[in-house]
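Please look over the chain shown here before reading on.

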Amino acid sequence: MTNNDDLRFSKNVSSYVSVIIVLAIIAMLVLGALFGVFYIKQGMKPLDKDSTEVVRVEVPAGSSSTDISNMLEEKGIIKNSKFFKLYLRLNSISNYQAGEFELSPSMDYETIAKTLETGVLYEEVQYKLTVPEGYTVDEIGDLVQEVLPVEKDEFINLVQDKEYLKELQKDYRDMLTDEIFDEDIKYPLEGYLYPATYDITEEQPDLDKLVRQMLNATRSNTFNLYKSVTYTVNYEGENEELTFHEFLTFSSLVEKEATSLADRAKITSVFLNRMAENPSMPLQTDPTVLYAKGIHKEVVLYEDLEVDDPFNTYIHKGLTPGPIGAPGTESVQSVLNPANTNYYYFLADKDGVNHFAETYEEHQENREKYIEGD
């Protein structure tokens with residue numbers, strides 16, 4: 001081997017050694033980082049997830065993240081104050097409520113931090129139950145079974161249990177009257193379970209708590225609006241003040257028929273105009289027929305209109321015995337603020353657009369144009 005060959009060989013060996021050293025350093029850094037991440041994650045877990053101990057912690061006004069972190073470690077709430085301080089910094093949490101807090105070693109960093117930040121015990125949301133506007137108790141039962149680890153029958157049985165309903169009446173005395181127990185009503189709480197999204201924090205949901213959340217929402221969003229006015233309708237020439245149950249029923253009819261805010265106000269006017277006739281005209285709204293039959297379908301047939309049921313507004317005048325679904329705020333507002341029209345008829349075309357008419361002849365023309373013509 002020549003001197004040049006020796007030199008090249010030496011350089012190659014040196015290069016290989018350098019590569020190996022670099023790779024070794026990278027491997028050590030990666031392993032170190034992974035170990036660091038694992039170590040930090042372990043440190044951020046609850047100190048004792050099975051602990052039932054509750055510790056009262058007082059946070060003085062003006063406390064820094066260092067003060068709070070050290071205090072929590074001293075009180076045995078967290079394992080490492082430095083890790084908690086790092087968590088606060090990484091999550092941009094810097095504002096803390098002063099006062100007394102009841103904390104536990106079973107809490108994770110997120111729960112502790114959110115509690116200190118808001119002043120309210122933070123609970124992670126386990127499920128979100130979204131109830132669309134117009135949903136019936138039966139449909140809500142389907143949702144409950146689909147979203148929560150609860151059988152539909154358990155929910156339906158609870159909201160039909162008379163003893164349970166009597167207990168609810170004590171807490172919702174003005175809102176839940178004995179009208180909900182009318183013999184013709186299919187579900188006592190029909191229409192009273194407000195359509196909204198409900199956050200559920202328990203892994204095993206408390207159905208009583210869920211029902212009360214829905215009733216609270218109805219009280220805040222619908223009942224309070226009803227109480228803000230004296231709501232009357234002209235029925236066959238006589239002004240009659242509606243009870244909340246009747247008001248909710250009226251709103252549910254509008255909810256089931258409407259597709260837009262403007263239509264809701266007009267549909268309300270149609271119903272009001274029909275009831276004011278002497279003698280009054282039946283409301284003749286298809287959703288009540290479907291509710292009476294307990295079915296869901298797009299087209300109501302003539303034979304459907306003959307169903308002998310108190311909810312069938314083709315054969316019974318005035319409002320139904322109770323709501324046929326849960327009305328949303330827009331429908332409630334439309335009932336409170338109806339349009340001023342001379343409409344007595346309306347129909348929806350295949351695209352869901354409503355067409356209004358003052359006379360039966362105009363209504364027939366709309367039918368021929370928008371329904372039979374299609």
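The questions below go from the whole chain to single residues.

The model is predicted: local features need pLDDT of at least 70, side-chain atom pairs count only at pLDDT 80 or more, and totals for chains, interfaces and linings use all residues. Residues are numbered from 1 along each chain as its sequence is written, and side-chain values use heavy atoms, with hydrogens and water left out.

Student: What is the mean pLDDT of the protein chain, and which element has the highest?
Tutor: pLDDT is the predictor's confidence in each residue, from 0 to 100. Over the protein chain the mean is 86, and 87% of the residues reach 70 or more. Among the elements, helix H1 (residues 3–44) has the lowest mean, 58, and the highest, 97, belongs to H6.

Student: How many helices and strands are there in the protein chain?
Tutor: Both kinds of element are DSSP runs numbered from the N terminus, helices being H or I with at least four residues and strands being E with at least two. By that rule the protein chain has 13 helices and eight strands.

Student: What percentage of the residues of the protein chain count as buried?
Tutor: Buried means under 20% relative accessible area, exposed over 50%, and partly exposed in between (1.4 Å probe, protein chains only). The protein chain has 374 residues, and the buried share is 41%.

Student: Is Thr268 buried or exposed, and which residues does Thr268 touch?
Tutor: Thr268 lies in helix H10 (residues 261–276). Thr268 counts as buried because its relative accessibility is 0%. A contact means heavy atoms within 4.5 Å. Not counting residues up to four places away in sequence, Thr268 touches Phe250, Val254, Ser334, Val335 and Pro338.

Student: How far apart in space are Val159 and Val137?
Tutor: Val159 is found in helix H6 (residues 152–160) and is buried, with a relative accessible area of 2%. Leaving out residues up to four places away in sequence, Val159 touches Val137, Leu165, Pro188, Leu189 and Val211. Val159 and Val137 are 22 residues apart in sequence, and C-alpha to C-alpha they are apart in space by 8.6 Å.

Student: Why are the buried residues of H2 on the same side of H2?
Tutor: In helix H2 (residues 65–74) the buried residues are Ile68, Ser69, Met71 and Leu72. They are on the same side of H2 because they cover an arc of only 165 degrees around the axis. The arc is that of the directions from the helix axis to the C-beta atoms. These buried residues pack against strand S1 (55–59), H3, strand S2 (99–103) and H4.

Student: How many aromatic pairs are there, and what is the angle between the planes of Tyr87 and Tyr109?
Tutor: Rings of Phe, Tyr and Trp (its six-membered ring) pair if their centres lie within 6.5 Å; planes under 30 degrees apart count as stacked, over 60 as edge-to-face and the rest as tilted. The count comes to 14 aromatic pairs. One of them, Tyr87 with Tyr109, is edge-to-face at 5.7 Å centre to centre, with the planes at 75 degrees.

Student: Which helices hold Tyr87 and Tyr109?
Tutor: Both Tyr87 and Tyr109 are buried. They are 22 residues apart, and the pair links distant parts of the chain: Tyr87 in helix H3 (residues 81–90) and Tyr109 in helix H4 (residues 109–118).

Student: Over the face of which ring does Arg274 lie?
Tutor: A charge sits over a ring if NZ of Lys or CZ of Arg is within 6 Å of the ring centre and within 35 degrees of the ring normal. Lys162 lies over the face of Phe181, at 5.1 Å from the ring centre. For Arg274, at 5.0 Å from the ring centre, the ring is that of Tyr345.
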